[in-house]
Amino acid sequence: MTQDELAEVLGISSKAVSQWECGRTAPDISQLPMLCNFFEVTSDELLEIDVFHKAAELDKIADEYMALGKNGRTKKALLLLKDSLKKFPNDAWLMGMIIGESTVWMNSPECDREEKERMEEECRSYSEYILGHSLEDESRYTAINFLCFYYREKGETETAWEYARKLPHLFDSREFVTPELCTGSEKVEAERFLKFTLFGRFARSMLANFQLDSGEWLYTEEERMELRDKKFALFSLLFEQGDYGFFNEHLAESHEMQAREYAKRQNKEKCLCHLEQAVESVIGFIGYMNSESFVHTSLLWKQYDSPSRGVSLNERENIATIILSRTELPEYDSVRNDAGFVALTKKLSEYAGENDYKWM
(Lines give C-alpha, C1' and ligand atoms only; values in the text may rest on other atoms or scores of the structure.)
Protein backbone atom coordinates (compact mmCIF):
# COMPACT_ATOMS: atom_id res chain seq x y z
CA MET A 1 0.00 0.00 0.00
CA THR A 2 1.28 3.45 -0.87
CA GLN A 3 1.23 6.48 1.37
CA ASP A 4 -1.34 8.07 -0.94
CA GLU A 5 -3.69 5.08 -0.62
CA LEU A 6 -3.56 5.04 3.19
CA ALA A 7 -3.97 8.82 3.32
CA GLU A 8 -7.11 8.56 1.18
CA VAL A 9 -8.62 5.93 3.46
CA LEU A 10 -7.96 8.04 6.55
CA GLY A 11 -8.95 11.33 4.93
CA ILE A 12 -5.59 12.99 5.55
CA SER A 13 -2.66 14.15 3.41
CA SER A 14 -0.01 11.74 2.15
CA LYS A 15 2.56 14.11 3.66
CA ALA A 16 1.16 13.30 7.14
CA VAL A 17 1.62 9.56 6.51
CA SER A 18 5.14 10.23 5.29
CA GLN A 19 5.90 12.08 8.53
CA TRP A 20 4.68 9.04 10.52
CA GLU A 21 6.92 6.68 8.58
CA CYS A 22 9.95 8.94 9.10
CA GLY A 23 9.25 9.08 12.82
CA ARG A 24 8.90 12.87 12.84
CA THR A 25 5.29 12.79 14.03
CA ALA A 26 2.77 10.17 15.20
CA PRO A 27 -0.92 9.65 14.46
CA ASP A 28 -3.39 11.52 16.61
CA ILE A 29 -4.88 9.29 19.29
CA SER A 30 -8.33 9.71 17.72
CA GLN A 31 -7.03 7.99 14.56
CA LEU A 32 -5.95 4.80 16.39
CA PRO A 33 -9.35 3.02 16.25
CA MET A 34 -9.56 3.59 12.49
CA LEU A 35 -5.98 2.40 11.95
CA CYS A 36 -6.54 -0.70 14.10
CA ASN A 37 -9.78 -1.62 12.32
CA PHE A 38 -8.28 -1.01 8.89
CA PHE A 39 -5.20 -3.17 9.49
CA GLU A 40 -7.18 -5.64 11.62
CA VAL A 41 -4.82 -5.45 14.60
CA THR A 42 -5.25 -4.52 18.26
CA SER A 43 -4.09 -1.17 19.60
CA ASP A 44 -1.49 -3.03 21.71
CA GLU A 45 -0.07 -4.63 18.57
CA LEU A 46 -0.07 -1.33 16.70
CA LEU A 47 1.75 0.41 19.57
CA GLU A 48 4.07 -2.57 20.13
CA ILE A 49 2.74 -3.19 23.62
CA ASP A 50 2.64 -6.85 24.63
CA VAL A 51 2.42 -7.27 28.39
CA PHE A 52 1.77 -11.01 28.03
CA HIS A 53 5.19 -11.55 26.44
CA LYS A 54 7.10 -9.30 28.82
CA ALA A 55 8.76 -12.24 30.58
CA ALA A 56 9.97 -13.68 27.28
CA GLU A 57 11.35 -10.30 26.22
CA LEU A 58 13.15 -9.88 29.54
CA ASP A 59 14.65 -13.37 29.13
CA LYS A 60 15.94 -12.34 25.72
CA ILE A 61 17.40 -9.16 27.19
CA ALA A 62 19.05 -11.23 29.93
CA ASP A 63 20.66 -13.51 27.32
CA GLU A 64 21.97 -10.52 25.36
CA TYR A 65 23.28 -8.98 28.56
CA MET A 66 25.07 -12.18 29.61
CA ALA A 67 26.61 -12.54 26.15
CA LEU A 68 28.03 -9.01 26.40
CA GLY A 69 29.15 -9.58 29.99
CA LYS A 70 31.01 -12.74 29.01
CA ASN A 71 33.14 -10.63 26.68
CA GLY A 72 33.76 -7.80 29.11
CA ARG A 73 31.58 -5.34 27.20
CA THR A 74 30.49 -3.48 30.33
CA LYS A 75 29.56 -0.21 28.62
CA LYS A 76 27.57 -1.98 25.89
CA ALA A 77 25.85 -4.16 28.50
CA LEU A 78 24.93 -1.04 30.47
CA LEU A 79 23.50 0.68 27.38
CA LEU A 80 21.45 -2.43 26.57
CA LEU A 81 19.94 -2.44 30.07
CA LYS A 82 19.18 1.30 29.98
CA ASP A 83 17.54 1.06 26.55
CA SER A 84 15.45 -1.84 27.84
CA LEU A 85 14.38 0.20 30.86
CA LYS A 86 12.89 2.78 28.49
CA LYS A 87 10.51 0.06 27.30
CA PHE A 88 9.85 -1.31 30.79
CA PRO A 89 10.31 1.86 32.89
CA ASN A 90 9.20 0.40 36.24
CA ASP A 91 10.94 -2.97 36.06
CA ALA A 92 12.86 -3.56 39.30
CA TRP A 93 14.95 -6.39 37.83
CA LEU A 94 16.31 -4.11 35.10
CA MET A 95 17.03 -1.37 37.62
CA GLY A 96 18.87 -3.85 39.82
CA MET A 97 20.94 -5.06 36.87
CA ILE A 98 21.78 -1.45 35.94
CA ILE A 99 22.93 -0.82 39.51
CA GLY A 100 25.21 -3.87 39.41
CA GLU A 101 26.65 -3.09 35.99
CA SER A 102 27.08 0.59 36.85
CA THR A 103 29.08 -0.38 39.93
CA VAL A 104 31.49 -2.32 37.71
CA TRP A 105 31.81 0.57 35.26
CA MET A 106 32.31 3.16 38.01
CA ASN A 107 35.34 1.17 39.22
CA SER A 108 36.80 1.13 35.72
CA PRO A 109 39.69 3.49 34.86
CA GLU A 110 37.66 4.54 31.80
CA CYS A 111 35.02 6.16 34.04
CA ASP A 112 35.93 9.75 34.95
CA ARG A 113 34.94 11.53 38.16
CA GLU A 114 32.04 13.48 36.63
CA GLU A 115 30.50 10.36 35.06
CA LYS A 116 30.96 8.42 38.29
CA GLU A 117 29.13 11.07 40.33
CA ARG A 118 26.29 11.16 37.81
CA MET A 119 25.98 7.37 37.81
CA GLU A 120 26.05 7.23 41.62
CA GLU A 121 23.06 9.57 41.81
CA GLU A 122 21.30 7.62 39.07
CA CYS A 123 21.79 4.35 40.95
CA ARG A 124 20.69 5.96 44.22
CA SER A 125 17.47 7.00 42.48
CA TYR A 126 16.91 3.48 41.11
CA SER A 127 17.62 2.00 44.55
CA GLU A 128 15.12 4.26 46.27
CA TYR A 129 12.51 3.49 43.61
CA ILE A 130 13.01 -0.27 44.11
CA LEU A 131 12.68 0.01 47.89
CA GLY A 132 9.58 2.18 47.53
CA HIS A 133 7.77 0.18 44.85
CA SER A 134 9.06 -3.39 44.56
CA LEU A 135 8.38 -6.42 46.75
CA GLU A 136 10.88 -8.59 44.85
CA ASP A 137 13.54 -9.56 47.40
CA GLU A 138 16.55 -9.93 45.10
CA SER A 139 16.12 -6.45 43.62
CA ARG A 140 15.59 -4.99 47.08
CA TYR A 141 18.81 -6.56 48.38
CA THR A 142 20.70 -5.19 45.36
CA ALA A 143 19.32 -1.72 46.15
CA ILE A 144 20.18 -1.96 49.85
CA ASN A 145 23.68 -3.21 49.05
CA PHE A 146 24.30 -0.25 46.76
CA LEU A 147 22.98 2.26 49.30
CA CYS A 148 25.33 0.85 51.96
CA PHE A 149 28.36 1.75 49.88
CA TYR A 150 26.81 4.95 48.52
CA TYR A 151 26.34 6.41 51.99
CA ARG A 152 29.73 5.11 53.16
CA GLU A 153 31.37 7.05 50.31
CA LYS A 154 29.37 10.14 51.30
CA GLY A 155 30.69 9.84 54.85
CA GLU A 156 27.23 9.05 56.24
CA THR A 157 28.39 5.96 58.09
CA GLU A 158 25.38 5.53 60.36
CA THR A 159 22.97 5.61 57.42
CA ALA A 160 25.15 3.01 55.67
CA TRP A 161 24.93 0.79 58.75
CA GLU A 162 21.14 1.23 58.91
CA TYR A 163 20.86 -0.21 55.40
CA ALA A 164 23.42 -2.96 56.12
CA ARG A 165 21.31 -4.18 59.07
CA LYS A 166 18.43 -4.77 56.66
CA LEU A 167 20.38 -7.41 54.75
CA PRO A 168 19.91 -11.06 55.81
CA HIS A 169 22.50 -12.85 57.93
CA LEU A 170 24.86 -15.16 56.04
CA PHE A 171 23.23 -18.27 57.51
CA ASP A 172 19.80 -17.03 56.44
CA SER A 173 20.86 -16.79 52.80
CA ARG A 174 19.41 -18.89 49.99
CA GLU A 175 22.69 -20.75 49.50
CA PHE A 176 22.72 -21.92 53.14
CA VAL A 177 19.03 -22.77 53.42
CA THR A 178 18.52 -24.54 50.06
CA PRO A 179 20.66 -27.63 50.85
CA GLU A 180 18.55 -28.25 53.96
CA LEU A 181 15.37 -28.36 51.87
CA CYS A 182 16.71 -30.80 49.27
CA THR A 183 17.19 -34.54 49.22
CA GLY A 184 19.14 -36.99 47.07
CA SER A 185 21.02 -35.72 44.02
CA GLU A 186 19.44 -32.28 44.33
CA LYS A 187 20.89 -31.93 47.85
CA VAL A 188 24.33 -33.03 46.63
CA GLU A 189 24.22 -30.38 43.89
CA ALA A 190 23.12 -27.66 46.33
CA GLU A 191 25.89 -28.58 48.78
CA ARG A 192 28.49 -28.50 46.02
CA PHE A 193 27.32 -25.08 44.90
CA LEU A 194 27.53 -23.79 48.48
CA LYS A 195 31.08 -25.14 48.94
CA PHE A 196 32.15 -23.75 45.58
CA THR A 197 30.71 -20.31 46.35
CA LEU A 198 32.27 -20.13 49.81
CA PHE A 199 35.64 -21.31 48.53
CA GLY A 200 35.53 -18.73 45.75
CA ARG A 201 34.90 -15.94 48.25
CA PHE A 202 37.69 -17.22 50.49
CA ALA A 203 40.14 -17.58 47.58
CA ARG A 204 39.50 -13.98 46.46
CA SER A 205 40.11 -12.60 49.96
CA MET A 206 43.19 -14.66 50.87
CA LEU A 207 45.67 -12.09 49.59
CA ALA A 208 43.75 -8.97 50.62
CA ASN A 209 45.87 -6.49 52.55
CA PHE A 210 44.41 -3.82 54.82
CA GLN A 211 45.79 -0.75 56.51
CA LEU A 212 45.47 -0.80 60.30
CA ASP A 213 44.53 2.14 62.52
CA SER A 214 48.25 2.58 63.25
CA GLY A 215 48.86 3.22 59.56
CA GLU A 216 50.77 -0.01 59.13
CA TRP A 217 49.68 -2.68 56.68
CA LEU A 218 48.41 -6.03 57.93
CA TYR A 219 50.90 -8.02 55.82
CA THR A 220 54.40 -7.24 54.65
CA GLU A 221 55.29 -8.10 51.04
CA GLU A 222 57.23 -11.14 52.25
CA GLU A 223 54.15 -12.32 54.15
CA ARG A 224 52.02 -11.83 51.07
CA MET A 225 54.44 -13.99 49.11
CA GLU A 226 54.06 -16.64 51.80
CA LEU A 227 50.26 -16.35 51.57
CA ARG A 228 50.43 -16.88 47.81
CA ASP A 229 52.39 -20.08 48.37
CA LYS A 230 49.72 -21.20 50.83
CA LYS A 231 47.08 -20.37 48.22
CA PHE A 232 48.86 -22.47 45.58
CA ALA A 233 49.21 -25.37 48.04
CA LEU A 234 45.52 -25.15 48.99
CA PHE A 235 44.42 -25.22 45.36
CA SER A 236 46.67 -28.20 44.64
CA LEU A 237 45.17 -30.03 47.61
CA LEU A 238 41.53 -29.34 46.74
CA PHE A 239 41.90 -29.67 42.96
CA GLU A 240 44.29 -32.60 42.77
CA GLN A 241 43.24 -33.27 39.16
CA GLY A 242 44.19 -29.74 38.10
CA ASP A 243 40.53 -29.06 37.15
CA TYR A 244 40.60 -25.43 38.30
CA GLY A 245 38.12 -24.15 35.72
CA PHE A 246 36.96 -20.66 36.70
CA PHE A 247 39.70 -20.40 39.35
CA ASN A 248 42.40 -20.43 36.66
CA GLU A 249 41.93 -16.67 36.41
CA HIS A 250 42.75 -16.23 40.13
CA LEU A 251 45.75 -18.50 39.81
CA ALA A 252 47.08 -16.69 36.72
CA GLU A 253 46.95 -13.34 38.56
CA SER A 254 48.56 -14.76 41.72
CA HIS A 255 51.33 -16.62 39.88
CA GLU A 256 52.18 -13.49 37.87
CA MET A 257 52.40 -11.41 41.06
CA GLN A 258 54.66 -14.05 42.62
CA ALA A 259 56.83 -14.14 39.50
CA ARG A 260 57.17 -10.35 39.60
CA GLU A 261 58.28 -10.41 43.24
CA TYR A 262 60.93 -13.02 42.49
CA ALA A 263 62.07 -10.99 39.47
CA LYS A 264 62.54 -7.98 41.78
CA ARG A 265 64.70 -10.21 43.99
CA GLN A 266 66.58 -11.44 40.89
CA ASN A 267 65.61 -15.04 41.56
CA LYS A 268 65.34 -16.07 37.93
CA GLU A 269 64.49 -19.73 38.55
CA LYS A 270 61.47 -19.08 40.76
CA CYS A 271 60.36 -16.13 38.64
CA LEU A 272 60.19 -18.22 35.48
CA CYS A 273 58.60 -21.14 37.35
CA HIS A 274 55.69 -18.97 38.52
CA LEU A 275 55.40 -17.17 35.19
CA GLU A 276 55.15 -20.54 33.44
CA GLN A 277 52.35 -21.54 35.81
CA ALA A 278 50.65 -18.21 35.13
CA VAL A 279 50.73 -18.97 31.40
CA GLU A 280 49.28 -22.45 32.01
CA SER A 281 46.48 -20.90 34.09
CA VAL A 282 45.79 -18.34 31.34
CA ILE A 283 45.40 -21.11 28.77
CA GLY A 284 43.26 -23.08 31.22
CA PHE A 285 40.93 -20.12 31.82
CA ILE A 286 40.50 -19.38 28.12
CA GLY A 287 39.70 -23.05 27.54
CA TYR A 288 37.18 -22.99 30.38
CA MET A 289 35.45 -19.88 29.01
CA ASN A 290 35.13 -21.55 25.60
CA SER A 291 33.62 -24.73 27.05
CA GLU A 292 29.90 -25.50 27.01
CA SER A 293 30.25 -27.59 30.16
CA PHE A 294 32.99 -28.01 32.74
CA VAL A 295 32.61 -31.03 35.02
CA HIS A 296 35.12 -31.29 37.86
CA THR A 297 36.87 -34.60 38.55
CA SER A 298 38.73 -33.80 41.79
CA LEU A 299 37.32 -35.69 44.76
CA LEU A 300 35.85 -32.74 46.69
CA TRP A 301 34.07 -31.33 43.64
CA LYS A 302 33.43 -34.68 41.93
CA GLN A 303 30.85 -34.41 39.10
CA TYR A 304 30.14 -30.75 39.87
CA ASP A 305 29.39 -28.85 36.65
CA SER A 306 30.47 -25.20 36.79
CA PRO A 307 29.70 -23.92 33.27
CA SER A 308 31.14 -20.62 32.07
CA ARG A 309 27.84 -19.30 30.74
CA GLY A 310 27.12 -17.43 33.98
CA VAL A 311 30.57 -15.82 34.19
CA SER A 312 30.71 -12.09 33.51
CA LEU A 313 34.06 -10.45 32.77
CA ASN A 314 34.88 -6.84 33.59
CA GLU A 315 37.68 -6.29 31.08
CA ARG A 316 37.47 -6.15 27.28
CA GLU A 317 41.00 -7.54 27.08
CA ASN A 318 41.35 -11.23 27.82
CA ILE A 319 43.47 -12.59 30.66
CA ALA A 320 46.38 -13.31 28.28
CA THR A 321 46.53 -9.65 27.26
CA ILE A 322 46.42 -8.52 30.89
CA ILE A 323 49.21 -10.85 32.03
CA LEU A 324 51.29 -10.05 28.92
CA SER A 325 51.04 -6.30 29.62
CA ARG A 326 52.36 -6.89 33.14
CA THR A 327 55.46 -8.62 31.81
CA GLU A 328 56.43 -5.24 30.36
CA LEU A 329 56.77 -3.74 33.85
CA PRO A 330 60.31 -2.72 34.87
CA GLU A 331 60.35 -5.33 37.64
CA TYR A 332 61.01 -7.95 34.96
CA ASP A 333 64.10 -6.19 33.60
CA SER A 334 66.39 -8.68 35.38
CA VAL A 335 64.99 -11.59 33.32
CA ARG A 336 63.78 -9.81 30.20
CA ASN A 337 66.51 -11.15 27.91
CA ASP A 338 66.33 -14.70 29.25
CA ALA A 339 65.31 -17.26 26.61
CA GLY A 340 62.72 -18.78 28.96
CA PHE A 341 61.11 -15.40 29.62
CA VAL A 342 61.02 -14.60 25.91
CA ALA A 343 59.41 -17.98 25.13
CA LEU A 344 56.71 -17.47 27.80
CA THR A 345 55.82 -13.97 26.62
CA LYS A 346 55.65 -15.26 23.05
CA LYS A 347 53.22 -17.96 24.15
CA LEU A 348 51.08 -15.37 25.93
CA SER A 349 51.00 -13.22 22.78
CA GLU A 350 49.52 -16.15 20.86
CA TYR A 351 46.46 -16.08 23.13
CA ALA A 352 46.29 -12.31 23.67
CA GLY A 353 43.38 -10.29 22.35
CA GLU A 354 39.90 -9.19 23.39
CA ASN A 355 37.50 -11.49 25.18
CA ASP A 356 35.50 -13.22 22.45
CA TYR A 357 33.43 -15.99 24.00
CA LYS A 358 30.12 -17.31 22.79
CA TRP A 359 27.15 -17.19 25.13
CA MET A 360 26.52 -20.87 25.78
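**View 1. Gln-303, an exposed residue in the loop between H15 and H16.** At 54% relative accessibility, Gln-303 counts as exposed, because that word is used for a relative accessible area over 50%, while buried means under 20% and partly exposed lies in between (1.4 Å probe, protein chains only). Its place is the loop between H15 and H16, where helices (H or I, at least four residues) and strands (E, at least two) are DSSP runs, numbered from the N terminus. Phi of Gln-303 is near 70 degrees, a positive value in a residue other than glycine. The model shown here is predicted, so that local features need pLDDT of at least 70 and side-chain atom pairs count only at pLDDT 80 or more, whereas totals for chains, interfaces and linings use all residues. Residues are numbered from 1 along each chain as its sequence is written, and side-chain values use heavy atoms, with hydrogens and water left out.

**View 2. Ser-298, a buried residue in the loop between helix H15 and helix H16.** The loop that holds Ser-298 runs between helix H15 (268-289) and helix H16 (319-326), and the residue is buried, with a relative accessible area of 0%. Leaving aside neighbours within four places in sequence, Ser-298 is in contact with Leu-238, Phe-239, Glu-240, Gln-241, Gly-242 and Asp-243, contact being taken as heavy atoms within 4.5 Å.

**View 3. Phe-146 in the largest nonpolar core.** A nonpolar core is a set of buried Ala, Val, Leu, Ile, Met, Phe, Trp, Tyr and Cys residues joined through side-chain atoms within 4.5 Å. The largest one has 31 residues, of which Leu-94 and Phe-146 touch the most other members. At least two residues of this core come from each of helix H5 (54-70), helix H6 (74-87), helix H7 (92-106), helix H8 (113-133), helix H9 (137-153) and helix H10 (157-164). Apart from neighbours within four places in sequence, Phe-146 is in contact with Ile-99, Thr-103, Met-106, Glu-120, Cys-123, Arg-124 and Ser-127.

**View 4. The buried residues of helix H6.** In H6, Thr-74, Ala-77, Leu-78, Leu-80, Leu-81, Lys-82, Ser-84 and Leu-85 are buried, and the buried residues of this helix pack against H5, H7 and H8.

**View 5. His-255, a buried residue in helix H14.** His-255 belongs to helix H14 (residues 248-264) and counts as buried at 5% relative accessibility. Beyond its neighbours within four places in sequence, His-255 is in contact with Phe-232, His-274, Gln-277, Ala-278 and Ser-281.

**View 6. Leu-324, a buried residue in helix H16.** Leu-324 is found in helix H16, and at 18% relative accessibility it counts as buried. Its contacts, leaving aside neighbours within four places in sequence, are Thr-345, Leu-348, Ser-349 and Ala-352. The C-alpha atoms of Leu-324 and Tyr-351, which stand 27 residues apart along the chain, are separated by 9.7 Å.
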